[in-house]
Amino acid sequence: MNTKRISAELSGDTAIKHGILLTTTRLDKESKKDADSKFCELSVLCVEKITQMCSNASGVQYPSYDQLLQFLTDKETVVDLPQHTTDKT
């Protein structure tokens with residue numbers, strides 16, 4: 001099993017957004033270590049997904065940080081997510 005230690009200090013709006021995301025994902029109920037690990041795991045999966053989406057949209061196989069940031073902040077970028085439906089039949 002590969003392991004990687006990540007350390008980051010968040011401040012300002014990013015720290016506030018992080019707290020909100022911990023709450024909305026219910027990771028605030030976990031221990032700090034477990035919450036941080038799960039948040040990082042989720043973040044890596046999100047970056048993988050958005051990298052693929054950006055690559056498909058732009059034709060750039062390996063978009064840079066700046067290209068990903070532009071893709072994410074572009075108001076014309078539309079992200080279609082599958083809709084969750086409950087079948088009550």
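**Cysteines.** I started with C54, which is buried, with a relative accessible area of 4%; buried means under 20% relative accessible area, exposed over 50% and partly exposed in between, with a 1.4 Å probe and protein chains only. C46 is partly exposed at 45% relative accessibility. I then looked for disulfides, meaning a pair of cysteine sulfur atoms within 2.5 Å, and the structure holds 0 of them.

**Ground rules.** I noted that this is a predicted model, where local features need pLDDT of at least 70 and side-chain atom pairs count only at pLDDT 80 or more, while totals for chains, interfaces and linings use all residues. Residues are numbered from 1 along each chain as its sequence is written, and side-chain values use heavy atoms, with hydrogens and water left out.

**Whole chain.** I get 3 helices and 0 strands for the protein chain, in the order α-α-α from the N terminus. Helices (H or I, at least four residues) and strands (E, at least two) are DSSP runs, numbered from the N terminus. Buried residues make up 12% of the 89 residues. The chain exposes about 8400 Å², and carbon and sulfur atoms supply 54% of that; these accessible areas come from the Shrake-Rupley method with a 1.4 Å probe, and for residues only the protein chains shown count as cover.

**Helix α2.** I listed the buried residues of α2 as A35, F39, I50, C54 and S55. Their cover includes α1 and α3 (65-73), going by contact, which means heavy atoms within 4.5 Å.

**H18.** Buried or exposed, I wondered about H18? At 18% relative accessibility H18 counts as buried. H18 sits in helix α1 and touches L10 and F39, not counting residues up to four places away in sequence. F39 is also among the buried residues of α2.

**Positive phi.** Most residues other than glycine have a negative phi. I flagged R26, which is not a glycine but has a positive phi of about 65°. R26 lies in the loop between α1 (12-24) and α2 (32-58) and is exposed, with a relative accessible area of 63%. G59, which follows α2, also has a positive phi, near 85°.

**Salt bridges.** How many salt bridges does the rule give? I count 3, taking a side-chain nitrogen of Lys or Arg within 4 Å of a carboxyl oxygen of Asp or Glu.

- D36 and K32 meet at 2.7 Å, N to O. They are 4 residues apart in helix α2, so about one helical turn separates them. D36 is partly exposed at 30%, and K32 is exposed at 64%.
- K38 and E30 meet at 3.2 Å, N to O. K38 is partly exposed at 38%, and E30 is partly exposed at 32%.
- D28 and K29 meet at 4.0 Å, N to O. D28 is partly exposed at 37%, while K29 is exposed at 68%.
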